[in-house]
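Please keep the sequence and structure in view while reading.

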Amino acid sequence: MKSTAPADDACCAHTHGLPSTAPTMRLTVLLQFAFIAILAILIVFYRHTPAFATFSITFVAIFLEALPFMLLGAAIGGLIEVFVSKAVILRILPSGRLSAILLAAGLGMVFPVCECAIVPVVRRLFAKGLPLGAGIAFLLGGPIVNPLVFFSTAVAYGNDFRLAGARLLIGYLIAVMVGFFIDWLLTRQSALVSIASVLPGDTHANCVATGSGGLWTKTAWAMRHAAADFVDISRFLVFGAVAAGLLQTLVVRGELAELIGSPVASILLMMSLAVLLSLCSEADAFVAASFRTMLPLAAQMAFMVLGPMLDLKLIAMYFRMFRKRLILVLSTTTAVVVFLTMLLMQGVGP
Amino acid sequence: MMAERINVVGRLLRYLDALVFVAFVGALGWLLLTGNDTAFLHPRFRPFLTAGALLLAVFIFVIVRGPTRDHAGWPLIVHSVQALVLATPLVFLVFAMDQNMGAHALTRKYTGTEQQTLARLIESGKNKPTKADGSQTFTLLEIARQMKQLDGKRVVTEGLVYRPAIMPPNHLTLFRFAIFCCAADALPVWMFVEHPDVTAFDDENWIRVDGTLTIVNFNGTDVPVIRADTIEKKAAPVTAEQYLFF
């Protein structure tokens, strides 16, 4: 089943084969071996220490929590790949760039997904021609601008629905701003990784088969795409969960908070924690609320807005969708916009 | 014989993804059937884990029934390493099942303001000051949520011991973790226990405390303190029962 056929956008949204060069592949394999070796060393030498208990429980918990949503996201992505054509995507979206971004940033209200599920979905949507800015807006806004996050935030803050609404509104506005900026700055070609490189073993012959056949055949192909997506992206979830587990094991939250002397520093601290702790957007409000008497509201909001947009596991997964240039621009822009927004909030807030 | 073995290995490698998925389905099934999922996740995640296991079963089916992949050369190595990386959470799952989040995790997660977070949750108004059956046994979470109603009343509770050097004499910290979604977002629920013999207990001992609840101001925060009549060591609960759940 090895294919040598070229990409054909008329039948599928991606190219085929293994585009990685041999040196890149070698380096990737070596890095993954090194990762496995480090984990093996941790197990062999540290498994009886209290720190190992904290790390292993946190790592496994983050992975298990994200796993069902990653699977669901991959399945939705597979269904999009097979059942939704480029023409449909382009027909659904408004033709104007800004209106597409405005719509995409709020899609989470009708399509509630967490940050883990959204990555495989957006990746498939990009392959189907979703404009860059709209995709970024959905990616950033979806995990915040959704009803589940609204209610969990309200509960964490003692049924404070105004604060929960403020979180959604701020998340929406930042998603729109960053989406628009990236759409203006970069092109799809310069920003996106070809989806070809993420489906090893996926062949053009298979893809041609995808486009034909009955409902059962198409669904089976959708699930094969989903399985391949899951294998590919969930590795990066593992990397992110390990990093977050290590940092949760090493970082002493109370001491960090005690170092804070100014609102600016506290906002920066909470932004850093949001990236490092990699919590689910539906649970992070409870952790943010635990800082309520130590830090200003703007700092807590920085934690709740930045975390679902940018954390270690997300950054790791972005590598399977975006080129390094976009990851750098996206991370920097999002962090700067969140910081400035929170400074503004601090200035005008109570 | 050797050729047959090579052939078997080749076939196994062809279905590497399916094998990893089988391991995941096995792990999820085991966690759900034994109730050990609560060693990591809130019980409300069970439907999601079940759905995940079903999706993995579908993936296994379509992979096994689908066309074979070419695993020659580099792709074989690349795919094998990917599978190994993906399997690492399962390896850690095995080790984590023998572990508990204890004093080390407390020192990492503690901010000192957890009581206020819990106090906000009181405002839901769902809490009753005493149990319907008249029992005085409460979880730490119930006490933290209802401390004003329980002020001056007799309570019986249990948790882990933490006695840092800075603790005042005759005091220890009693704590457990309460989780909203998963152990990564666990919030320490803690209070002080006052008793003349606290030195008999070491960090991470599980104890049962029977005493009278009072509220003191600690660093500007109302904190429950149990003036204990008796403290008993008790066996640690199984890993799956170590957490309290919101």
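## Model and numbering

This is a predicted model: local features need pLDDT of at least 70, side-chain atom pairs count only at pLDDT 80 or more, and totals for chains, interfaces and linings use all residues. Residues are numbered from 1 along each chain as its sequence is written, while chains are lettered from A and ligands numbered from 1 in the order in which they are written.

## Chain A against chain B

Chain A puts 65 residues in contact with 64 residues of chain B (contact: C-beta atoms, placed from the backbone, within 7 Å). On the chain A side, two or more residues each come from α1 (22-46), α2 (50-83), α11 (215-250), α12 (253-258) and α14 (284-289). Helices here are DSSP runs of H or I, at least four residues, numbered from the N terminus. α2(A) gives the most, with 19 residues.

The side of chain A that touches chain B has 43 nonpolar, 14 polar and eight charged residues. Nonpolar means Ala, Val, Leu, Ile, Met, Phe, Trp, Tyr, Cys and Pro; charged means Asp, Glu, Lys and Arg; the others, Gly among them, are polar.

## The α2(A)–α11(A) pair

α2(A) and α11(A) pack at an angle of about 155°, with axes 6 Å apart. Axes are lines fitted to C-alpha atoms, for helices over the stretch in contact, and angles run from 0 to 180 degrees between N-to-C directions. The two helices are therefore roughly antiparallel (over 145 degrees). Their contact has 25 nonpolar, nine polar and three charged residues.

## Domains of chain B

Chain B is assigned domain 1 (2-96) and domain 2 (103-245), with bounds from an automatic or database domain assignment. Their contact takes eight residues from domain 1 and nine from domain 2. The domain 1 side has four nonpolar, four polar and no charged residues.

Definitions and conventions. Two residues are in contact if their C-beta atoms, placed from the backbone, lie within 7 Å. Angles under 35 degrees count as roughly parallel, over 145 as roughly antiparallel, 65 to 115 as roughly perpendicular and the rest as oblique.
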